[in-house]
Amino acid sequence: MKLKRCSFLYAIIKAAKENGKIAVPTDWLGNLDFETKFVADNTNNLENENHRLKRGFIYYVYAPEELPAYRAELAFVYYKDVYNGPQYWTENSTAANPKDYFLNFIRMAMFYTKDEFYKKYPQDQYPLISKQYEDLLTYMKGTYGIDLESIAKGPQE
């Protein structure tokens with residue numbers, strides 16, 4: 001049920017962004033360095049200040065439309081091995097498959113509760129990711145009335 005709920009709501013949010021109804025906050029992306037190559041190793045160098053997690057680049061979360069129907073259950077699952085450098089995240093990327101940092105963060109925030117998110121990205125280890133996450137939740141709720149955290153939690157009994 002969660003996968004269907006998030007898939008439906010994500011399609012609406014993505015379309016609104018693509019149609020200019022939802023904008024990426026300009027100061028939100030300003031916290032990130034999209035130019036300098038980062039360390040993308042998933043097991044080593046995690047303490048390196050230039051590691052992608054230290055730099056604010058969360059792992060990639062596949063959107064439902066990126067997966068074939070027989071793999072639909074993998075939508076919103078986060079992957080550690082999808083990208084190797086910041087060029088994959090800029091909208092002006094010349095990479096074969098540029099990724100949208102904002103929509104990736106939306107997918108993560110709408111599918112994983114705050115507790116689940118911080119299990120993956122502990123606040124004390126990844127303060128920039130934490131800031132991006134909290135700023136995104138506040139921005140989406142305050143600007144558009146979209147409560148990503150409530151979407152992740154789902155209907156309460």
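Residues are numbered from 1 along each chain as its sequence is written. Because the model is predicted, local features need pLDDT of at least 70 and side-chain atom pairs count only at pLDDT 80 or more, while totals for chains, interfaces and linings use all residues; side-chain values use heavy atoms, with hydrogens and water left out.

The protein contains six helices and two strands, where helices (H or I, at least four residues) and strands (E, at least two) are DSSP runs numbered from the N terminus. Following the sequence, these elements come in the pattern α-α-β-β-α-α-α-α. Of the 157 residues, 44% are buried; here buried means under 20% relative accessible area, exposed means over 50%, and partly exposed covers what lies in between (1.4 Å probe, protein chains only). The accessible surface of the protein is about 8600 Å², and carbon and sulfur atoms account for 51% of that surface. These areas come from the Shrake-Rupley method with a 1.4 Å probe, and for residues only the protein chains shown count as cover. Among contacts (heavy atoms within 4.5 Å) with a separation of 6 or more, 63% join residues 24 or more positions apart.

Setting aside neighbours within four places in sequence, phenylalanine 105 is in contact with Trp28, Gly56, Ile58, Phe117, Ile129, Gln132, Tyr133 and Leu136. Tyrosine 60, in strand S1 (residues 60-61), is 45 residues from phenylalanine 105 in sequence, yet their C-alpha atoms are 8.6 Å apart in space. Tyrosine 60 has a relative accessible area of 2% and therefore counts as buried.

The buried residues of H5 are Ile129, Ser130, Gln132, Tyr133, Leu136, Leu137, Tyr139 and Met140. An α-helix has 3.6 residues a turn, so residues three or four places apart point the same way. The cover over the buried residues of H5 includes H1, helix H2 (26-29), H3, H4 and H6. The length of H5 also fits expectation: its 18 residues should span 26 Å at 1.5 Å a residue, and its end C-alpha atoms are 25 Å apart, which agrees. The expected span is taken as 1.5 Å times one less than the number of residues in the helix. After H5 comes glycine 145, with a positive phi near 70°.

Lysine 2 is partly exposed at 24% relative accessible area, and glutamate 116 is partly exposed at 32%.

A salt bridge also joins glutamate 134 and lysine 114 (3.3 Å, N to O). Glutamate 134 is partly exposed at 24%, and lysine 114 is partly exposed at 25%. Glutamate 149 and lysine 153 form a further salt bridge (3.7 Å, N to O). Both of these residues lie in helix H6 (residues 148-153), four residues apart, or about one turn of the helix. Lysine 153 is partly exposed, with 48% relative accessibility.

The average pLDDT (the predictor's confidence in each residue, from 0 to 100) is 81, and 80% of the residues score at least 70. Confidence is highest in H5, with a mean of 96, and lowest in strand S2 (residues 78-79), with a mean of 61. Residues 82-86 have a pLDDT below 50, and this stretch makes 23 contacts in the model beyond near neighbours in sequence. Residues 91-97 also have a pLDDT below 50, with eight such contacts in the model.

Note on methods. Salt bridge = Lys/Arg side-chain N within 4 Å of Asp/Glu carboxyl O.
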